[in-house]
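Trainee: Could you walk me through reading a fold, one feature at a time?

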Amino acid sequence: MNSPTRATMLLETPFHSRVADRCKINDWGNWMGYTTPNAYFDVELEYFSIRSTTGVFDLSPMNKYRIQGPDAEAYLNRMATRNISKIGINRVGYTVWCNDAGMVMDDGTIFRLGESDYRLCSYQRAIDWLLWCALGFDVTITDETEDLAALAVQGPTSCTSLTEMGLTDLNTLKPFGMRTYDFEGEKLMVSRTGFTGDLGYEVWVSPEKAETLWDQLFDAGKEYLIKPFGSYALDIARIETGFIQAGVDFVPAEEMVRPGRARSPFELGLSWLVDLEKPLFNGRTALLKEKAKGSRYRFAILNVDGNKPADHSFILKGDRQIGTVTSAAWCPTAKSNIAFAQLEMPEGSIGEEYVAEIYYQRELHWTRLLAPCKVIDGPIFNPKRRRQTPAIPH
Amino acid sequence: MTDFDAIIIGAGHNGLVCASYLAKAGKKVLVLESRAVPGGCAATHEFAPGFQVSSCAQWLYQLSPKVVSDLKLPQHGLAYAAEGLATIALDETGDHLRLQGDSASGGGISSEDQKAYAVFRKKMRKYAKLMKTAYDTRPPKLVEHDFRDKMTFAKLGLGMKLLGKDDMSDLMRLILINIFDVMKETFGSSKLQAAIALDAVIGTPMGPRSPNTVFTYLHRFLGEVLGFEGATQVKGGMGTLGAALSNAATDLGAVVRCNTTVASIDKTHDRVTGVTLSSGECITAKLVVSSADPKTTFKSLLGYHHMEAGLVRRIEQIRFKSGTVKVHLALSGLPTFTGLDQSDLGQRLVIAPSLNALESAFNPLKYDESSERPVMDISMPTIHDPSLAPNGQHVLSAIVQYAPLNPKGGWEALRAPFMTAVIAELARYAPDIASLITAEELLTPADLAATFGMTGGNWHHGELTMDQVLMTRPATGISQYQTGIAGLYLCGAGSHPGGGLMGLAGRNSAQEIIRQGELA
């Protein structure tokens, strides 16, 4: 189990003093052993800071692993499904990694810091697997989770807020690019990455400089209506933009207890991340077989009628249950009711129409709602500003 | 076009058996052996001028009779110097215990123990017969619902049923406990208890109180249902078996190349394509079948960086410990064992005074130290086969336990003192032994590992424990001789059903390769 038990004292992130100060409603959650706000003041307003101004999220608990050495590239190519060789220096790549059965263990981002120097950011703890993968490779793996504090700065005015703070010419940074700046006598790394599907950046500093970063950023962003946001708001944003999450939309393969509950990248709609041309990577043999034989499930984004989120719903085709919902939210900007579903093959083609069986409760009274839904082609929210370079100033 | 249908890595007995069956099926087979002679652990060498000894294994007690007849080994030179030897548990005062077939005599053994011994062996034979059902074929997998595997399970299930209710539940109880407890509840004589327990721990890094030792006992006992009643001594030393297997393979059309070291197993994206030799020569084949142990095969020859990480993890987790040493003594004349008739010197002699003595000998191994008072299984091959030594002189060969692979301070420091301890122990039973020694050789687990290419010096190519047998041998997912890597198979003792000069791993593997139609 990755999550500590309730009896374990939760850790504080390097931003804790600032986060706690702003967490007006005192609603905290446990993220990988760290205490982090579910919400700061109002989930919807926090969400709208991401979509309309600048939202700030403390992502320090993300697991960060440094991979260095002559075999670093070969190592990552063997571990991850995509072709790591295509990630240039100062570029970032999103990938998943599988076990030998071709089932997804986790997803994450790989930052190429130098010729043979990478940083892997993962949602799950991964050191054990990373070390097993290192056998036979000339690499060193270092857990840097506690050595690096990070903020996600997301939203249309995020570039302006950060530029105002002193990150000059940040607007020229391309999506999935990264750059370092001098900051308070140390290095600050900024990457144009995020989990919101909007224009946005992630800023990485040493834990010692975390509070200074927070203070300077909020000072600089004041004019641009900068606000912190918690995990509830992030969840709406990521569903709106089509991002899946480990432990929610799939069971990390090596934590699976019941046979058949894990999912392959193909079954999670991530075939674009799988490079079967690579000579070797964990899960390749199994994925080749799956490709030939066909997958068991298909990942589908559903646009559901009405405004009741289809949380944990069954998806019906006529009388037959053909799948279940893993994530669902009413998405305010897209003004759509979105659900991620795992549908049994061959269901789930774009445009197919099904019924979501939604249960909700009002004052102890349960209501069953049969909401028509339709498989849509890609995320409902995908603004131009997310990709435009130079980033548009606000 | 490939150079061969199959390349077998290693001309050990399993490699040669596999090669022979494949060649018999009409396949073009090449066997590559890094040593100068074929046979692997079935080897004879000259350890002192004029003195020959079986280098590794000294007794034959479970070679599959099916393999012997299928490959016509007697026609290819396999001959026995002695068969059906008794086991004599030595006693310092000369009151030795003699075990022959189902009878136990001497050593002050009670009539109850004598009866119990026959009953015990009858029961063990029933269990070993059941085990043979599983040993004779590839191990069944649990999850794939393969028809053949279901048949194996059905046979095993039926075999369990046929044991009868009492014996079945007793097997379930015994199989996971240890030989110490079984001996204590079965016999009164400590000499008898220890003589049996020695068979359970020999070749393992376990003591009599270690779990799994009932299983290892049954593994050894298998020979009894294969037709061996007691130990057999091969004429000319165990190398004769190696040579016979090599001759059989050659006769069937396989090519056996000695002094040829495989440097790596070659692999493209999707399959293994052949091997590269240390000379740089590349040889291609449709299949590479490795009789090397799994760690040597995957780590040293294929390379972990050519494999998916889950398999690497499973290989890395296999335990290969050993506590077994081989001692060879050249003797100027026959030693006198107190109270032992000269005519019995050619029997299998064991030194294991009591269960506690065995356990005490084992204890230091846990801390990478050696026994102060080692236990041993002794053969004097020159009694039945005088050709092994100059006229009137003799060879004493002993499998001795326990000494670690990497002792604290290294083998350089331990070699002399451990040899002294072995000779001191022998001298308690044969007081004149030291005066007769003209040459000596000690093969440590490290020596055995280096000479025979066995990781850890473990002669089973991976410890025989309940978590490392059947569908988890050598590791889950690769238990049916296939490795999950196209073109690469296993046929060594690291695969089901494990080590000892049995030949079943080689035979089962060949049958599986043929059944899979890989070479059709």
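Predicted model: local features only at pLDDT ≥ 70, side-chain atom pairs only at ≥ 80, totals over all residues.

Trainee: What radius of gyration does chain A have?

Mentor: That radius is taken over C-alpha atoms, and the globule rule is 2.2 Å times the number of residues to the power 0.38. For 394 residues a compact globule would come out near 21 Å, and chain A agrees because its value is 21 Å. The C-alpha trace spans about 65 × 55 × 45 Å along its principal axes.

Trainee: Which domains does the assignment give for chain A?

Mentor: Domain bounds come from an automatic or database domain assignment. Here we get domain 1 (16-60 + 148-229) and domain 2 (296-379), with 32 Å between their centres over C-alpha atoms.

Trainee: How many helices and strands are there in chain A?

Mentor: Both are DSSP runs numbered from the N terminus: helices are H or I with at least four residues, strands are E with at least two. Chain A has 8 helices and 19 strands.

Trainee: What is the strand order in the open sheet of 5 strands?

Mentor: Strands of a sheet pair through backbone hydrogen bonds, either parallel or antiparallel. We call two strands paired if DSSP finds at least two bridges between them. In chain A the order is 5-6-7-4-8, with antiparallel pairing. Strand 5 (92-98) and strand 8 (140-143) are the edges, each pairing on one side only.

Trainee: Over how many bridges do strand 4 and strand 7 of chain A pair?

Mentor: Strand 4 (residues 63-68) and strand 7 (residues 117-122) share 6 bridges, in the antiparallel sense. For instance, A:Q68 has A:D117 in strand 7 as its bridge partner.

Trainee: Which residues of helix 2 of chain A are buried?

Mentor: Count C-beta atoms, placed from the backbone, within 10 Å of a residue's own: 20 or more others is buried, 12 or fewer exposed, in between partly exposed. Helix 2 (residues 43-52) of chain A buries A:V43, A:E46, A:Y47, A:S49, A:I50 and A:R51. Across chain A, buried residues make up 47% of the 394.

Technical notes: Residues numbered from 1 in each chain as written. Chains lettered and ligands numbered in written order.
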